[in-house]
Amino acid sequence: MYPHALHHVQLAMPEGGEDEARAFYGGLLGLEEEEKPEALAARGGVWFRRGELRLHLGVETPFAAARKAHPALEVRGLGALADRLERAGLAPRWDGALPGMRRFYVDDPFGNRIEFLEQV
């Protein structure tokens, strides 16, 4: 009767941003697009997954980016991901304040803050 797992995280995106979401979350981050149920597909947005990780982007009007609230995605090969994001024009904002972890933030194409971290 108690919550025991996180099913997914949802972020907002503006209407018509599906291709930008696919380029960032699928192309740069390597997440796989997950087909939305037919009853939800008409609402727009796009869903992604990799293993147990599920990340949904839903259309919000009016749109407002999440600047503080954010998902934190654990990564193997954090430095390589930072390099790939930099080559794509996204400058990682490194933060050394979390003991035992290396981490940085970037904004997705819509301005949502995303944290990437790796245990050291």
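Visitor: What makes a residue of helix 3 count as buried here?

Guide: Buried means under 20% relative accessible area, exposed over 50%, and partly exposed in between, with a 1.4 Å probe and protein chains only. Leu78, Leu81, Ala82 and Leu85 of helix 3 (residues 78-87) are buried, so each is under that 20% cut-off. The model is predicted: local features need pLDDT of at least 70, side-chain atom pairs count only at pLDDT 80 or more, and totals for chains, interfaces and linings use all residues. Residues are numbered from 1 along each chain as its sequence is written, and side-chain values use heavy atoms, with hydrogens and water left out.

Visitor: Why are the buried residues of helix 3 said to line one face?

Guide: Down the axis of helix 3, they fall within an arc of 100 degrees, so they line one face. The arc is that of the directions from the helix axis to the C-beta atoms. On the other side of helix 3, Ala80 and Arg87 are exposed.

Visitor: What covers the buried residues of helix 3?

Guide: The cover includes helix 1, strand 6 (93-94), strand 7 (101-107) and strand 8 (113-119). Helices (H or I, at least four residues) and strands (E, at least two) are DSSP runs, numbered from the N terminus.

Visitor: How do you know that strand 5 and strand 8 pair?

Guide: Two strands pair if DSSP finds at least two bridges between them. Three bridges join strand 5 to strand 8, so the two strands pair. They run parallel. Ala72 stands opposite Glu115 in strand 8.

Visitor: What makes strand 5 and strand 6 edge strands?

Guide: Their sheet is open, with four strands in the order 5-8-7-6 and mixed pairing. Strand 5 (72-74) and strand 6 each pair on one side only. Helix 3 packs on this sheet, touching strand 6, strand 7 and strand 8. Touching here is contact, which means heavy atoms within 4.5 Å. The direction of helix 3 makes about 20 degrees with that of strand 7. Axes are lines fitted to C-alpha atoms, for helices over the stretch in contact, and angles run from 0 to 180 degrees between N-to-C directions.

Visitor: How many bridges join strand 1 to strand 4?

Guide: Five bridges join strand 1 to strand 4 (residues 53-59), and the two run parallel. Gln10 stands opposite His56 in strand 4.
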